[in-house]
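Please look at the structure below and follow, step by step, how two chains meet and how ligands are surrounded.

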Amino acid sequence: MKPLEEMSGTMNGKEAMESVVIKFAGDSGDGMQLAGTLFTDTVAVHGKEIATFPDFPSEIRAPQGTVAGVSGFQVHFGSSGVHGPGDAPDVLVAMNPAALKSNLKDLRPACTIVVDRDSFGKRDLDKAGFATDPLEDGTLDGHQVLAAPITSMTKAAIADAGLDNKTADRCKNMFALGMVYRLFDQPMDQTIGFFQHKFKKSPSIAEANIRALKAGHNYVLTMEAVPATYTVQPAARTPGTYRNITGNQALAWGLMAGAKKAGKDLFLGSYPITPATDIMQELAKHKWAGVKVLQAEDEIAGICSAIGASFAGDVAVTTTSGPGMALKTEAIGLAVMTELPLVIVNVQRGGPSTGLPTKTEQSDLLQAVWGRNGESPVVVLAASTPAACFDRAVEAIKIATEHMTPVILLSESYVANGAEPWKVKALDELPAIHPPVLTQPDPAWTPYGRDPATLARKWVVPGTPALQHRIGGLEKDECTGCVSHDPQNHEAMVALRRQKVERVADFIPEQKFRGKGAKKLLVVGWGGQFGTLFGAVTELRSEGKDIAVTHFNHIHPLPRNTASIFAQFEQIVVCELNSGQFANYLRAVLPQFTYLQYNKVKGRPFKVSELKEKFNELLAQ
Amino acid sequence: MSTIGTPAQPLFKPKEYASSQEVKWCPGCGDYAVMNAVQRAFSELGLKKEEVAIISGIGCSSRFPYYMDTYGFHTIHGRPAAVATGVKLANRDLRVWVMAGDGDSLAIGGNHFIHAVRRNVDMNFILFNNQIYGLTKGQYSPTTERGTVTKSSPFGTVENPFSVGELVLGAQGRFFARVPDTDVKLMAKVMVEAEKHQGLSVVEVLQNCVIFNDEVFDAITSKETRADNQLILEHGKPMRFGANNDKGIRLRGLELEVVTLGQNGITEADLLVHDATCASNVLHHLLAQMRLPDFPIAMGVIRSTAGPVFDADLAAQMKAEQERSKYASLDALFLSGNTFTIQPGTDKPDGTT
Ligand SMILES: Cc1ncc(C[n+]2csc(CCOP(=O)(O)OP(=O)(O)O)c2C)c(N)n1
Ligand code: SF4
Ligand SMILES: [Mg+2]
């Protein structure tokens with residue numbers, strides 16, 4: 001590492017960049033998630049494209065100062081080219097040696113690194129497992145290091161605010177955030193407003209945070225030698241009103257909007273599990289909108305209460321992650337058999353078993369499509385970005401209620417916790433939802449009588465006069481709806497349930513792909529890895545490569561034109577965060593094509609760079 | 001929700017609540033009597049067929065909904081309490097009845113059972129206790145008496161059974177009744193009270209399985225012994241029983257005691273008077289615990305006390321939130337807080353908030 005003064009000559013002045021990746025990293029008690037979120041809100045409100053990637057430790061309080069306890073928040077923002085939260089930071093804020101250590105291998109060349117000089121004592125270095133001080137021993141050669149005495153300067157800045165030491169210590173993150181605001185020439189009013197509002201009742205805390213923020217800002221401003229300040233122009237976007245939204249929040253709001261469009265109350269039966277809990281917590285706030293939330297005694301009760309609510313006429317949802325999904329399996333079969341509308345949200349995380357609770361993975365796809373006893377078809381959808389969670393949730397409710405079927409909606413940790421600007425949708429812009437409700441006595445009606453187009457049965461809810469009937473998990477007669485063990489009837493009902501789900505393909509949009517005219521390589525992805533796959537292919541196309549990408553939100557059934565897209569390419573490579581589940585599914589349903597695979601199962605999202613490398617390799621063959 | 005009085009003219013006769021389905025329980029099974037009692041209760045309560053939702057699990061007893069001309073849902077093993085909770089929350093006007101066996105509600109569904117009791121959802125839970133798994137042909141259940149030889153316990157069980165009443169009271173249950181399947185009149189009466197009670201009402205039926213556990217309740221229910229072995233509780237009445245109605249229950253220290261009227265100067269004034277509505281459940285526990293041969297088995301409504309009802313409280317919270325909400329619509333929510341606007345023809349954002 002060179003002293004800053006030596007670098008200042010080359011590094012002064014503003015650098016205009018298309019997009020920048022910043023990572024805030026520190027001990028899980030250092031407030032990095034808050035710093036990252038506040039920064040994101042500011043850049044979003046000022047019109048940048050953004051994508052975020054919060055990365056939590058699994059333990060709520062791992063030993064302080066250790067690598068296991070590092071919490072990170074990565075935000076990618078810019079005027080264009082923001083496909084996902086970025087491969088590696090351009091700017092790293094490391095509040096202690098452990099935070100630096102856990103990010104060392106991911107650093108981009110010539111990265112700007114902001115560290116708290118005060119937290120690099122011998123004990124801190126020991127806890128992080130550094131034998132020597134990385135700020136001194138050449139580890140950071142080639143990077144631009146801004147080693148500010150953050151702890152002591154924060155304390156000095158708020159010395160007379162009347163706070164105890166511990167509370168004062170908690171303002172360090174705001175000092176660092178102030179520094180970052182200055183580096184990127186961003187206004188602080190949004191963040192200042194946040195503290196004024198949040199700590200209305202304890203003005204001294206608000207004041208301390210704001211002072212720390214300003215002190216950090218001024219520190220960078222007055223330093224003679226600043227490595228670089230960056231400016232990023234606002235993104236070019238379609239006109240409209242935007243807000244910053246996480247995947248889980250968008251999903252919760254989409255569920256509310258979908259139920260409203262269906263003209264029904266929303267019921268959620270759920271049990272807390274990372275990374276799905278936020279959806280329940282968000283919905284629990286909105287009793288005013290007629291949302292009923294039951295925090296059940298376990299995941300089985302979560303889904304079973306939802307099935308009961310669906311029987312009785314609510315739009316019913318259950319939310320969970322992999323282990324909870326496993327518990328819900330039998331009840332999903334009940335919803336298949338009774339042909340009740342139900343939305344099952346699985347925010348995937350690393351598995352199997354408890355696996356990697358806070359890390360992302362796409363390894364529950366086959367469980368969703370096939371993982372039940374008996375022939376038990378359901379519709380499977382997947383959300384591609386945080387904002388898209390809204391649309392998928394609305395669509396899941398539309399399909400579930402109009403087709404009288406369970407719908408599994410797959411999200412993933414990366415999408416659920418990530419954030420991006422969402423162009424706010426008015427309810428009027430959303431598709432109408434018409435559940436096949438029957439409220440009047442009809443002599444032609446039978447419990448399993450079907451709509452000729454969708455094959456959906458009617459939704460007749462208890463309380464409806466003269467239409468009393470019984471449903472249940474035992475096979476029912478196709479005509480009368482009474483229990484039947486007749487062999488012909490069972491085979492007919494198995495086929496009907498399958499066809500009903502397959503026919504959903506007549507009602508979903510056609511599959512699109514980017515890369516008209518390309519022939520050589522088709523990149524296939526699904527779910528939450530949209531941003532990076534799209535980004536990598538876009539970059540390669542701008543380099544003149546013969547490559548295209550198609551990304552699936554509709555997993556089961558597949559869009560009708562899928563085969564006609566696949567047929568246009570010499571090679572197909574399926575990229576996913578598992579060992580090849582979508583590829584194997586495609587081999588089963590569209591066996592006429594050969595599928596290459598690119599897989600990653602590290603609990604981490606794809607990086608644009610590794611994808612490009614792989615695609616270049618395939619293109620060179 | 002129970003605003004039912006006894007109608008002058010019943011809407012339907014008991015038999016008119018039956019569906020057209022052929023009933024397939026074994027001849028002589030106690031489930032028939034339970035169904036008769038339920039139909040009588042519905043008739044007496046004047047229930048409309050469409051306002052009733054009968055939710056069951058899996059087991060012989062759980063076939064119940066198919067035989068009733070109401071709405072019905074034969075769900076999966078152990079989960080009817082959870083399904084029924086969702087039904088009630090979706091539509092509080094429904095009269096929700098859960099029908100479940102001892103295995104269904106106390107083994108695989110034990111967790112849902114105690115949580116339904118704890119939440120106090122306004123519904124009725126009829127627990128068909130035949131102390132055996134009927135449908136799977138005779139394995140021991142969580143209520144099978146210790147030492148019983150069954151197909152899965154050829155040397156007798158070495159497990160302690162649950163006592164349904166104590167479990168319900170331990171989970172803060174507010175309505176618990178016990179009835180024998182041999183007394184249709186008492187069953188019907190108790191079921192009417194269960195429906196009128198606001199909150200979760202558990203009715204344990206001692207139900208004879210003629211095939212796999214015949215006569216386990218004989219000492220309690222047989223003509224010869226039942227008067228001496230059953231104490232039929234009535235709220236506000238002294239606890240008297242016996243073939244000559246000369247026995248009674250009195251409290252001695254922290255324990256109950258069977259006494260004979262006229263002996264040692266004992267009069268009716270010495271006997272306990274049943275108070276089903278008492279807030280403390282200590283005496284209810286003692287009554288639920290009574291076992292042969294030292295004590296008669298307590299029948300009738302052992303406990304019935306008012307308390308916060310989950311679905312009512314949730315509805316009240318929702319109403320209050322609707323009244324004080326700062327959002328007029330979902331659109332207003334979506335536009336609340338920090339937003340920014342991109343104007344047509346510019347790529348600069350304008351304005352925040
Ligand atoms: C998940 C599951 N496990 C096991 C079974 C098999 N099974 C069906 S009913 C039953 C027990 C029935 O006993 P109980 O609940 O006491 O009802 P009864 O037949 O005695 O009325 C069992 C074990 C099942 N249907 N589902
Ligand atoms: S097996 Fe027992 S419980 Fe089942 S129907 Fe026959 S008698 Fe009744
Ligand atoms: Mg049983």
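Strand E9 (residues 240-246) of chain A is joined by four bridges to E12(B), and the two run antiparallel; strands here are DSSP runs of E with at least two residues, and helices are runs of H or I with at least four, numbered from the N terminus, while two strands pair if DSSP finds at least two bridges between them. Within this pairing, A:Tyr242 stands opposite B:Phe340 in E12(B). This is a predicted model, in which local features need pLDDT of at least 70 and side-chain atom pairs count only at pLDDT 80 or more, whereas totals for chains, interfaces and linings use all residues. Residues are numbered from 1 along each chain as its sequence is written, chains are lettered from A and ligands numbered from 1 in the order in which they are written, and side-chain values use heavy atoms, with hydrogens and water left out.

The contact between the chains (heavy atoms within 4.5 Å) takes 60 residues from chain B and 72 residues from chain A. In chain B, the residues that lose the most area to chain A are B:Tyr71, B:Phe334 and B:Phe340, which together make up 16% of what that side buries; buried area is the accessible area (1.4 Å probe) that two parts lose on being put together, summed over both. For chain B and chain A this area is about 5400 Å², and carbon and sulfur atoms give 66% of it.

Across the interface the rule finds two salt bridges, a salt bridge being a side-chain nitrogen of Lys or Arg within 4 Å of a carboxyl oxygen of Asp or Glu. The side chains of A:Glu297 and B:Arg119 meet in such a bridge, at 2.7 Å from N to O.

Turning to the ligands, 17 residues surround ligand 1, and the closest are B:Cys60, B:Ser61, B:Asp102, B:Gly103 and B:Asp104, where a residue counts as near if one of its heavy atoms lies within 4 Å. Because residues from chains A and B surround ligand 1, the site is shared between chains. A backbone N or O atom of B:Cys60 lies 2.7 Å from an oxygen atom of ligand 1, and a polar side-chain atom of B:Asp102 lies 2.6 Å from an oxygen atom of this ligand.

B:Cys60 also belongs to the residues around ligand 2, which include B:Trp25, B:Asn130 and B:Phe212.

Technical notes. A polar contact is a pair of N or O atoms within 3.5 Å; within protein, one must be able to donate a hydrogen and the other to accept it, and residues adjacent in sequence count only if both atoms are side-chain atoms.
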